[in-house]
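Reader: Hi! Could you walk me through this protein, bit by bit?

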Amino acid sequence: MSLPARDDVAPEYRFDLTRIFERPADWDAAAEALRERLGRLESRASEPLDSPEDLRTLLESVEECHRRKQRLGLYALLAANVNTESEAASERRRRFRDLESEFSPAIAAVRRRLRDTGDDRLDALVAESGDYRRYAESLREQAARVRSPDAEEAVAAHAEVRSAPTRIIEAVRNEDFDPPTVERPDGTTVELRYGNFRDELTHADRDYRRRVYEAYRREMDRFEHALSRAFAEKLGAAHTEAEMRGHDSIRDRDFRGTYPESGLEPTLPGEVHDAMLGAVRANLDPYHRAQEDRRERLGVETLRPWDLSGSVADASDPEIPYEEAKERILGALEPLGDDYVARTRSFFEERRIDVYPTQDKRTDIPAYCPSSAEDGAFVLANYRDDVWSMSVVCHELGHALNVSYHREGPTRYATCPSSVCEVPSLLHEILLAEHCIAEGGALADHARDRLVEFLGGNFYNAAMSSAFVHELATAAEDGDHLSAERIRESYADLLAEFRPVVAYDDRAGRNWLGWGTREPYCSFQYVLGATGALVVRDRLRDGSLSPADYREFLRNTGREGVLAQFERLGIDPTSPDPYERAAEAFGGYLDEL
C-alpha cells in the first residue's frame, strides 16, 4: 500500500511535538540538565537524613528527576516513531538509553540511603513527610532490594545484554523472517509480515484467509527453536533479576509496574493472579459458546484458526471517516459526564493524536498512548476509516483521559499501575460499541462483532496467555529445561482448554511463535481491565457508581494502593466474584447479540 508523505497530511492530523520541546536542541539541553541533577542527587543521597526537611528535599529531587526523564523519553519515543528512518531520532533514543543507565544507580543511591537510615529514625521521618508519605513508604520498601553501588552500576550497564532475548525475537519476526507473498482474490499480491498478518486475516474470502495463515505460520515455524530458546532465556534472565532483587518470583517482580514511571512501585498480591486464573478457567462456557456462535454465523462445519479474525457481521463494513469517528466517540462517552467529554474534545483539538499511517511512521501497531506528567498523553494511531480503527483510537483515549485526571496532582503520583490501567481503556470500547449498536444498521452489526472480539480477547484470551507464561515462568524458576517441545506442549494444552471448538491440527503448539517482546507477565492487566470495565459499566447503568465517583477513581490511580483502587470501583480482585460477574456479563452480551 502506498502511504502519503508526512508533510502531505494536514497539520491537525499530526503530532505537535513542540508542546514537549520547541526544538531538538532543547532536548539536548534538557538531557544534560538531567545528567547534572543525577550527579547532585547521588551526592545528596550520601548525606545523612537528620530532619524531616532533609527527607523531603531528597524526595523532591527524586520526583524532579523522574519528571525530567519522562519528558525526555516521551519526546525521543514519539519523534522516532513518526520518522523511523531518521538517524537523528535513532541517535536520540540511543542517548536516552545511555541516560537511563545513569539514572538507575542514582535512584539506587537514594534507596540505599533510606535503607541505611535506622528503622526508628526513618519511621519518625516518614511519619512527618506529609503529602510525600506514600512516596516515601514506597521508596523505603524498594530500598530492601537495592544492592551495593558497584552491583547497581553493573546491573545498569548490563541492561542492554539482559534485553537481548527480546531483540532476538524482534529480529526474527522483522528481519530474518522471509515474508511470503500471497495473491489476494482481486489478483493483487501482498507480502505477509508481522505488522500486516492480522489485517489480512480479516479478509472476507475464507480460502484466502487459509492461505494467508498457512503461508505466514509456515515461515514462522522455521524459527521455532530460536524463538523458544529466546523466550526461555528471557524467563531465565527475569528469574535471575528477581532473585538478585529479592523478589519472590518473576510474577512478583512484574506485578509492580506503573506508567509513566514516577518512582512509585505499587504491589499487586499474587493471590489476585491465582484468583483470576482460577475463576476464568472455571467459567469458560461463554467463551466456548462465542466460538460456536462464530462457527454457525460463518456457516462452516469446522472452525479453523484463520476464521477467528474475519468479520461475522451480515452487512459490509461501513466507512467511518476520522471526523465522524470523533463525534461518535464523544457521544459514546457522555455517560461519564460533561467534564469528561470536554476533556476528550480538548484532546482532539490539541494535536495530540497522530492519526494516519504515513511513510516512515511506525505502522506495526494500531495505536498506543505514551505520556509524561508534565506534558500529558499523546496517541500514535494508524487510522483506517473503519469500525476497528475507531474502537482502537477510543481505547487509547481511555488511557489519555486517565492521564488527564491523574496528572492534576504532583508528578510523584501522576501514574497508573499496570494492573489498573486497562480499566478506563476497555470501558471506552464498551461504551462506544453500545453507542453504535443503539444506532442500528450496518454500524451496529459491526459494533456487535467488535464487542465480542475485544471482550473475548481481553478477558479470555489474555487469561490464556497469562496462564501460559505462569506455567513456563514457574518451570524456569524450578530449574526445568524449557525446550521447544515443552513450550509447544504447554501452549497446545491451553488451546484445547480455552478454544476447544477451533481445529488447529498439528500447529496448535506453535501458534504462540512471534510473541514475547514485552515483560513476561503482561497479559494479566487486560483480564483485570476487562473485569473492571464490565463491573464499572454495570454500576454506571444501575446508578450505584456515579460519573463523578469514576472520575475520582481516575484521579487517584497513583495515590492509593492497587487493592484500594479496585475497592473504589466495588471490586475485590482477590475473590472469584468479579471474574464470575465478568464472565456472566460476557455471556449476557452474547444473549443480546
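Reader: Great! What kind of model is this, and how are residues numbered?
Author: This is a predicted model, where local features need pLDDT of at least 70, side-chain atom pairs count only at pLDDT 80 or more, and totals for chains, interfaces and linings use all residues. Residues are numbered from 1 along each chain as its sequence is written, and side-chain values use heavy atoms, with hydrogens and water left out.

Reader: Where is helix H24, and how many residues has it got?
Author: Helix H24 covers residues 577-592, which makes 16 residues. Helices here are DSSP runs of H or I with at least four residues, strands are runs of E with at least two, and both are numbered from the N terminus. From first C-alpha to last, H24 reaches 22 Å, close to the 22 Å expected at 1.5 Å a residue (that is, 1.5 Å times one less than the number of residues).

Reader: Which residues of H24 are buried?
Author: Among them are Pro-578, Tyr-579, Phe-586 and Leu-590. Buried means under 20% relative accessible area, exposed means over 50%, and partly exposed is in between, using a 1.4 Å probe and protein chains only.

Reader: And what covers them?
Author: The cover includes helix H13 (270-281), helix H14 (285-298) and helix H19 (441-477).

Reader: Switching topic: what order do the strands take in the open sheet?
Author: The order is E4-E8-E5, with mixed pairing. Strand E4 (353-354) and strand E5 (367-368) are the edges, each pairing on one side only. Two strands pair if DSSP finds at least two bridges between them. E4 and strand E8 (residues 379-381) run parallel and are joined by 2 bridges.

Reader: Which residue in E8 is the bridge partner of Ile-353?
Author: Val-379 is the partner. Ile-353 also touches other residues, including Tyr-13, Phe-15, Tyr-322 and Leu-397, where a contact means heavy atoms within 4.5 Å.

Reader: How many residues are in the largest nonpolar core?
Author: That core has 136 residues, and Ile-353 is one of those with the most contacts inside it, along with Val-280, Ile-329, Met-390, Phe-459 and Tyr-550. H19 gives the most to this core, with 17 residues. Apart from it lies another core of 46 residues, among them Leu-77 and Phe-378. A nonpolar core is a set of buried Ala, Val, Leu, Ile, Met, Phe, Trp, Tyr and Cys residues joined through side-chain atoms within 4.5 Å.

Reader: What does Arg-209 pair with?
Author: Arg-209 forms a salt bridge with Asp-307, the closest N and O atoms being 2.9 Å apart. This pair links distant parts of the chain, with Arg-209 in helix H10 and Asp-307 in the loop between H14 and helix H15 (322-332), 98 residues apart.

Reader: Is Arg-209 buried or exposed?
Author: Arg-209 counts as buried, at 3% relative accessibility, and Asp-307 is buried too, at 0%.

Note on methods
A salt bridge is a side-chain nitrogen of Lys or Arg within 4 Å of a carboxyl oxygen of Asp or Glu. Lists of a residue's contacts leave out its neighbours within four places in sequence.
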